[in-house]
Amino acid sequence: MLSFHSCGCCRVSTSTAFHSQFRTSPSSLFLYATSYKFRSTIASACSGFTGDSDSDGERKLNFSGLRLEEAVDSRIGSAKLRLDSWISSRINGISRARVQSSIKSGLVHVNGRVVDKASFNVKAGDQIKCTIAELQKLRAVPENIPLDIVYEDEHVLVINKPAHMVVHPAPGNTSGTLVNGILHHCNLPNVEFSKEEGLSDTEDCDDEVNSYGSLASSCEGSHSRPSMSSIRPGIVHRLDKGTSGLLVVAKDEHSHMKLSEQFKQRTIKRVYVSLTAGVPRPISGRVDVPVGRDLNNRLRMTAVAGPVNSRKARHAASRYKVIEILAGGSCSLVEWKLETGRTHQIRAHAKYLGVPLLGDEVYGGTKSMVLSLLRPRSPISLHGKIVQMVSSLDRPCLHALTLGFQHPHTGEQVHFSCEPPVDFDEILSQLRRIGSESVSFSKPSNL
């Protein structure tokens with residue numbers, strides 16, 4: 001049984017142990033430049049724009065300069081419809097944030113008048129003219145941010161990322177990111193890239209096909225082509241802002257290539273632990289359900305049963321095992337092992353199983369939902385503490401517990417482990433006080 005009664009205890013092991021961990025000149029962190037051809041398209045849309053596609057049907061456009069001229073359909077009736085929502089619905093694949101930026105820049109006209117409020121309500125028959133704003137550049141500046149470095153040598157960095165830290169700069173999160181801290185730690189200069197090249201802070205994946213080690217994936221579609229040469233730290237995979245735990249960074253081109261190959265071949269060993277609202281049934285199993293973007297909420301993914309190509313969902317598989325049933329079955333401690341690495345994969349699969357993660361407001365693990373499960377199964381004397389505990393939930397209770405890979409230079413199998421942080425441990429301890437039941441399996445698990 002996993003036992004998390006202490007925090008910050010990190011361990012490293014190898015098949016042939018390194019006899020010493022050493023720090024080399026920090027200036028060796030991998031930086032590389034890549035040039036791309038920029039494809040610009042300006043188009044008038046009458047029934048929604050769907051740009052050019054590559055061989056996989058993915059968009060190559062970045063939307064800059066695209067023009068939309070269209071009347072609001074009379075079929076909306078008297079319903080209220082926000083201007084930003086309507087424009088987003090007419091340009092397939094564009095982000096709401098990008099549309100809002102264009103509106104605030106004065107690039108949208110309604111019935112011939114400039115409207116700079118995204119919340120403006122349009123009505124049937126309104127004539128809308130919109131030009132999508134050019135992408136703005138972001139800059140990653142070295143910042144003296146304390147980093148919890150679990151392991152470092154001249155080729156790789158393994159970092160225990162705290163919850164609430166964004167991995168890389170993106171619109172709305174241009175400072176205080178892991179990349180800012182790495183640039184300072186390794187004495188590297190500023191890194192500049194366009195907003196299109198910044199990865200969304202909602203990502204929690206390594207999405208094998210998309211963007212290993214790259215700050216050059218689009219906020220609006222990971223196959224968009226950057227409009228400028230970019231210099232990029234060797235980020236190999238990502239964790240969501242709210243997820244804590246282990247993450248590896250490449251410090252040279254060879255390491256980046258080798259680690260990327262391991263992610264693509266799915267030989268990286270990753271174990272996560274979570275606290276879920278409810279107990280999944282069965283208590284162990286494999287979820288093989290494609291994950292795709294939620295059509296109603298671009299910040300959320302959804303597990304879509306059916307063919308992989310339906311709604312642009314991608315193959316996703318997770319193995320899970322209940323380690324401990326908590327608070328009379330209100331919650332559980334669950335171990336996850338990923339076979340693929342899709343955006344928000346664990347969170348989407350947990351919701352699919354009917355057991356969203358505690359604190360995951362986006363996927364249904366809301367405070368009210370957690371309280372509705374805990375109160376009926378808890379003594380009245382503990383209700384005050386339960387309310388206090390639930391009110392403190394400010395992130396999904398998900399932690400990247402272990403990370404194992406073949407060292408890109410020595411070839412040795414290395415394994416790192418770091419127990420969950422204080423906030424996770426405190427919630428687990430309080431749930432255990434209400435009730436705890438260890439789970440035993442009658443036959444060995446394949447997890």
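Biologist: The side chain of serine 88 reaches the backbone oxygen of aspartate 84 at 2.8 Å; what makes this a polar contact?

Modeller: A polar contact is a pair of N or O atoms within 3.5 Å, where within protein one atom must be able to donate a hydrogen and the other to accept it, and residues adjacent in sequence count only if both atoms are side-chain atoms. The 2.8 Å between the serine 88 side chain and the backbone oxygen of aspartate 84 lies within that limit, so the pair qualifies. Please keep in mind that this is a predicted model, in which local features need pLDDT of at least 70 and side-chain atom pairs count only at pLDDT 80 or more, while totals for chains, interfaces and linings use all residues. Residues are numbered from 1 along each chain as its sequence is written, and side-chain values use heavy atoms, with hydrogens and water left out.

Biologist: Why is serine 88 called buried, and which residues does it touch?

Modeller: Its relative accessibility is 16%, and buried means under 20% relative accessible area, exposed over 50% and partly exposed in between, with a 1.4 Å probe and protein chains only; serine 88 therefore counts as buried. Serine 88 has its place in helix H1, residues 83-90, where helices (H or I, at least four residues) and strands (E, at least two) are DSSP runs numbered from the N terminus. Leaving aside residues up to four places away in sequence, serine 88 touches Ile94, Ser95, Arg96 and Val99, contact meaning heavy atoms within 4.5 Å.

Biologist: What makes arginine 319 and glutamate 339 a salt bridge?

Modeller: The closest N and O atoms of arginine 319 and glutamate 339 are 2.8 Å apart, and a salt bridge is a side-chain nitrogen of Lys or Arg within 4 Å of a carboxyl oxygen of Asp or Glu, so the pair meets the rule. Because arginine 319 lies in strand E19 (317-326) and glutamate 339 in the loop between strand E20 (331-338) and helix H5 (345-352), the pair ties together parts that are 20 residues apart in sequence. Arginine 319, at 27% relative accessibility, counts as partly exposed, and glutamate 339 is partly exposed as well, at 23%.

Biologist: How many salt bridges does the structure hold, and where do glutamate 324 and arginine 432 lie?

Modeller: There are 15 salt bridges in the structure. In one of them the side chains of glutamate 324 and arginine 432 meet at 2.9 Å, N to O. Glutamate 324 lies in strand E19 and arginine 432 in helix H8 (residues 422-434), so this pair ties together parts that are 108 residues apart in sequence. Both residues are buried.

Biologist: Why is strand E19 described as largely enclosed, and which strands does it pair with?

Modeller: Nine of the 10 residues of E19 are buried, so the strand is largely enclosed by the rest of the structure. Two strands pair if DSSP finds at least two bridges between them; E19 has five bridges to strand E16 (residues 284-288), eight to E20 and three to strand E23 (residues 436-438), and the arrangement is antiparallel in each case. E19 and E20 form a hairpin with four residues between them, and alanine 327 in the turn has a positive phi of about 50°.

Biologist: What makes the aromatic pair of tyrosine 151 and phenylalanine 416 tilted?

Modeller: Rings of Phe, Tyr and Trp (its six-membered ring) pair if their centres lie within 6.5 Å, planes under 30 degrees apart counting as stacked, over 60 as edge-to-face and the rest as tilted. By this rule there are three aromatic pairs, and tyrosine 151 with phenylalanine 416, at 5.5 Å centre to centre and 45° between the planes, is tilted. Tyrosine 151 lies in strand E10 (residues 149-152) and phenylalanine 416 in strand E22 (residues 413-418), so the pair ties together parts that are 265 residues apart in sequence. Tyrosine 151 is buried at 1%, and phenylalanine 416 is likewise buried at 1%. The rings of tyrosine 320 and tryptophan 336 have centres 5.8 Å apart and planes at 45°, so that pair is tilted too.
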